[in-house]
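Student: I would like to work through the helix packing and the aromatic pairs of this structure. Could we proceed by question and answer?

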Amino acid sequence: LKDGFRFPPGHYSNYFAFMGLVYAAGQLLSKRLINRCSGNPTALVVACVFALMAGRLLIVMTDLFWVLYLGLAISVSALGVLNNAINTSVTLVSQGDRVGGL
């Protein structure tokens, strides 16, 4: 970021704040998306992986700030949804007495 976009030090706080807000929004959105999957989140996980790929491609191929932030928003929100989808899948697969333990 420093070399490719000439990020001054002041932009890093905005960058990380943006990523934190988008990640939180992705986690809030994940509840609705996971509930729509009704016990089989495979399609949701695949969609999130493709969204990660698309976001990363945008980030790598651009030299514009707004496209960088768009790619980050896609990737980070997909990570927020994917994290909760994987956690939900694990609780569905494991036995009831083993959920929440190591």
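This is a predicted model: local features need pLDDT of at least 70, side-chain atom pairs count only at pLDDT 80 or more; totals for chains, interfaces and linings use all residues.

Student: How are helix H3 and helix H4 oriented to each other, roughly parallel or roughly antiparallel?
Tutor: Helix H3 covers residues 42-61 and helix H4 residues 65-93, and their axes lie 8 Å apart. The angle between H3 and H4 is about 155°, and angles over 145 degrees count as roughly antiparallel. The orientation of H3 and H4 is therefore roughly antiparallel.

Student: How many nonpolar residues does the contact of H3 with H4 have?
Tutor: H3 contributes residues including Leu-44, Val-45 and Arg-56, while H4 contributes, among them, Val-67, Ser-75 and Ala-85. By class, this contact has three polar residues and one charged residue, and the nonpolar ones number 17.

Student: Is Val-76 buried or exposed?
Tutor: Val-76 lies in helix H4 and touches Met-19, Val-22 and Tyr-23, leaving aside residues up to four places away in sequence. The relative accessible area of Val-76 is 10%, and the cut-off for this class is under 20%. Val-76 is therefore buried.

Student: What is the arrangement of the rings of Tyr-15 and Phe-16?
Tutor: This is one of two aromatic pairs found in the whole structure. The ring centres of Tyr-15 and Phe-16 are 5.0 Å apart. Their planes stand at 75°, so the arrangement is edge-to-face.

Student: How many residues apart in sequence are the parts that the pair of Phe-18 and Tyr-69 ties together?
Tutor: Phe-18 and Tyr-69 form an edge-to-face pair, with 80° between the planes. Phe-18 belongs to helix H2 and Tyr-69 to helix H4, so the separation in sequence of the parts tied together is 51 residues.

Notes: Residues are numbered from 1 along each chain as its sequence is written. Side-chain values use heavy atoms; hydrogens and water are left out. Axes are lines fitted to C-alpha atoms, for helices over the stretch in contact, and angles run from 0 to 180 degrees between N-to-C directions. Helices (H or I, at least four residues) and strands (E, at least two) are DSSP runs, numbered from the N terminus. Angles under 35 degrees count as roughly parallel, over 145 as roughly antiparallel, 65 to 115 as roughly perpendicular and the rest as oblique. Contact means heavy atoms within 4.5 Å. Ala, Val, Leu, Ile, Met, Phe, Trp, Tyr, Cys and Pro count as nonpolar, Asp, Glu, Lys and Arg as charged, and the others, Gly among them, as polar. Buried means under 20% relative accessible area, exposed over 50%, partly exposed in between (1.4 Å probe, protein chains only). Rings of Phe, Tyr and Trp (its six-membered ring) pair if their centres lie within 6.5 Å; planes under 30 degrees apart count as stacked, over 60 as edge-to-face and the rest as tilted.
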